[in-house]
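Subject: Handing over the structure

Dear colleague,

I am passing on the structure below, followed by notes on what was found in it. Please read the notes with the model open beside them.

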There are 2 protein chains.
Amino acid sequence: MVTRQPALVGIDWGSTSLRAYLISADGAVLEEHAAAKGASTLQGHSAFVAALQEVAGAWREQHATLPLQACGMVGSQHGWLDVPYVRCPAGAADLAAGLRQPDDTNLRIVPGVLCDDGKLPPDVMRGEETQIVGALAHHAELADSCVVLPGTHSKWTHVAQGRIVRFATHMTGELYAVLRQHSVLGRLMTPEVPTDADAFLRGVGAARDHGNLGLPHQLFAVRSLGVTGQLPHAALAEYLSGLLIGHELRAGLSWRTGHALANKPLALVGAPQLCDRYQLALCHFGQPADLVLDNTAPAGLLALARAAQLISY
Amino acid sequence: MVTRQPALVGIDWGSTSLRAYLISADGAVLEEHAAAKGASTLQGHSAFVAALQEVAGAWREQHATLPLQACGMVGSQHGWLDVPYVRCPAGAADLAAGLRQPDDTNLRIVPGVLCDDGKLPPDVMRGEETQIVGALAHHAELADSCVVLPGTHSKWTHVAQGRIVRFATHMTGELYAVLRQHSVLGRLMTPEVPTDADAFLRGVGAARDHGNLGLPHQLFAVRSLGVTGQLPHAALAEYLSGLLIGHELRAGLSWRTGHALANKPLALVGAPQLCDRYQLALCHFGQPADLVLDNTAPAGLLALARAAQLISY
């Protein structure tokens, strides 16, 4: 039996939580730790040092020379170190050149990406660039593609010749959470939300067919459908989810076409449950994703460590 | 000197507050009381009786035979009495026929209006129908028009031959409040928001010119403009307000054209500060309102009391 040797400690270090991976040279995740030590929950250098020690200390004792790399909000102005954004177009080499180390550490933090054409408002990502690099590392057909990463702040990314050339963030997941918890729409909703594909697709269809009525208007239907009894209260959250994702797809698919990507592959990258939801909605638009990938952050961290020559094999 | 005689006690009884008016036969407000006794803050018949006594008791002692009428959320399922909606088309006579009295009172509550064509999701209003009736009572030119009532839940109303034939709610004001208080967008904002017409119109313009990029995407620019320093943090709330109102106007003006109302008068009815904001945005779209009216609820309550023959002079 051949034991795979670890090549990298990689950390996907977001705002509210982190996941640390012990990664082999062929991209396999040998071990994994998760912790509720998100960048926004920590303050000051020593808090970050302690969190790093907690999730990766044991690995570092065992493998003292292993390179250490992190991506995500840990590199933001409210994180450990404000790592300057790399501007589009940004590929693995550009990102590797932008790695920065907090003082007195050997941790390298991946920069986020800035999209700013000077005409539209700027857009930013931190963490998703690494997932995109990971997707590209294993799927050569995505070198010219549209990569969609659903989430709290979904990203629609135009990849050309293996680099991120532009992207657009949609704050769909956050809108869902905020409206459910804090708006009048949440008041009729039940605490438990049974999966309800019919109600979800009814919301998607409303956005697809009547989105020109405007999201601020269509959102109110979540209430009026409940008040008038036309949709059971238990189905309202799924309708809201469908409506919001539908508006994201409506705009995102038109953006994709506007950038001549309609004939390039469309990939979904993210948590399987969420990707399933997006794929269902994409099918309702008649434009299913060509590829659906689970967590590609470990592969991206490894590819960036290679691009930075932290790993030479 | 002739003293005007009171003809009606009218109450605009919303979710969070109420305003009571002593109204003369020519529509003048002789006296006014406001109280934080909104329908959603009261529970049970006796709480409503006590609130009514508090705001109108003195008037009723002085003028025992005066009719009493209320509009707004007091007539909802979470109010005093669930008064059934009147269906579109709804004019003063239809609304007067739908007045309902809570047991053992002589208070008449105005019904809300239901818009339901069986194709699109239904829509509902409670309170705004009375303001529309009030606007029509004094402005004959609005008999065929588009009446817009900005607010937490803005209403765009198609009036034909003096009746509400259809309407669309936009939850613009609530979106603004919820996103400012509970989303990532609020985090960069300053507690004080100085009026900033430039930032407001920049948001309106973004919706007007690039609204096809989608509201879930354009909202994220409120953050990225702040993070990149392209808009001062003190200006972000005004940009958000402009973006949301801009999306409402984009959809509302297209709805207006779709219902052949482009050549009919456009009226704004509501609080002057909010109407100013909407008029500024409408001008940015090149389609200013023809008429801007302050609070028309007292006039509407009086007109409905007349239509119900509670007042015969």
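At 44% relative accessibility, Asp209(A) counts as partly exposed, a class that lies between buried (under 20% relative accessible area) and exposed (over 50%), computed with a 1.4 Å probe on protein chains only. The side chain of Asp209(A) meets that of Arg208(A) in a salt bridge, with 2.8 Å from N to O, where a salt bridge is a side-chain nitrogen of Lys or Arg within 4 Å of a carboxyl oxygen of Asp or Glu. Arg208(A) is likewise partly exposed, its relative accessible area being 30%.

Before going further, please note that this is a predicted model, in which local features need pLDDT of at least 70 and side-chain atom pairs count only at pLDDT 80 or more, while totals for chains, interfaces and linings use all residues. Residues are numbered from 1 along each chain as its sequence is written, chains are lettered from A and ligands numbered from 1 in the order in which they are written, and side-chain values use heavy atoms, with hydrogens and water left out.

Over all chains the count comes to 14 salt bridges. One of them joins Arg19(A) to Glu32(A), whose closest N and O atoms are 3.1 Å apart; this pair links distant parts of the chain, with Arg19(A) in strand β2 (residues 18-24) of chain A and Glu32(A), 13 residues apart from it, in strand β3 (residues 29-35) of chain A. Helices (H or I, at least four residues) and strands (E, at least two) are DSSP runs, numbered from the N terminus. Arg19(A) counts as partly exposed because its relative accessibility is 36%, and Glu32(A) is also partly exposed, at 41%.

In chain B, Arg277(B) forms a salt bridge with Glu238(B), the closest N and O atoms being 2.8 Å apart. Here too the pair links distant parts of the chain, since Arg277(B) belongs to helix α9 and Glu238(B) to helix α8 (residues 236-258) of chain B, 39 residues apart. Arg277(B) is partly exposed, with a relative accessible area of 24%, whereas Glu238(B), at 3% relative accessibility, counts as buried.

Helix α9 (residues 272-284) of chain B lies across β10, β12 (266-269) and β13 of that chain, running at about 150 degrees to β12(B); axes are lines fitted to C-alpha atoms, for helices over the stretch in contact, and angles run from 0 to 180 degrees between N-to-C directions. Those strands belong to an open sheet of five strands in chain B, with the order β11-β10-β9-β12-β13 and mixed pairing, where two strands pair if DSSP finds at least two bridges between them. The edge strands, each pairing on one side only, are β11 (163-170) and β13 (291-293) of chain B. Seven bridges join β10 (residues 154-160) of chain B to β11(B), and the two run antiparallel; within β11(B), Thr169(B) is the bridge partner of Lys155(B).

What is the nearest side chain of opposite charge to Arg223(A), which is buried yet has no salt bridge? It is Glu174(B), 7.4 Å away, with Lys and Arg counted as positive, Asp and Glu as negative, and His and the chain ends not counted. Arg223(A) sits in helix α7 (residues 215-227) of chain A, and, leaving aside its neighbours within four places in sequence, is in contact (heavy atoms within 4.5 Å) with Val184(A), Leu185(A), Leu188(A) and Met73(B).

With kind regards
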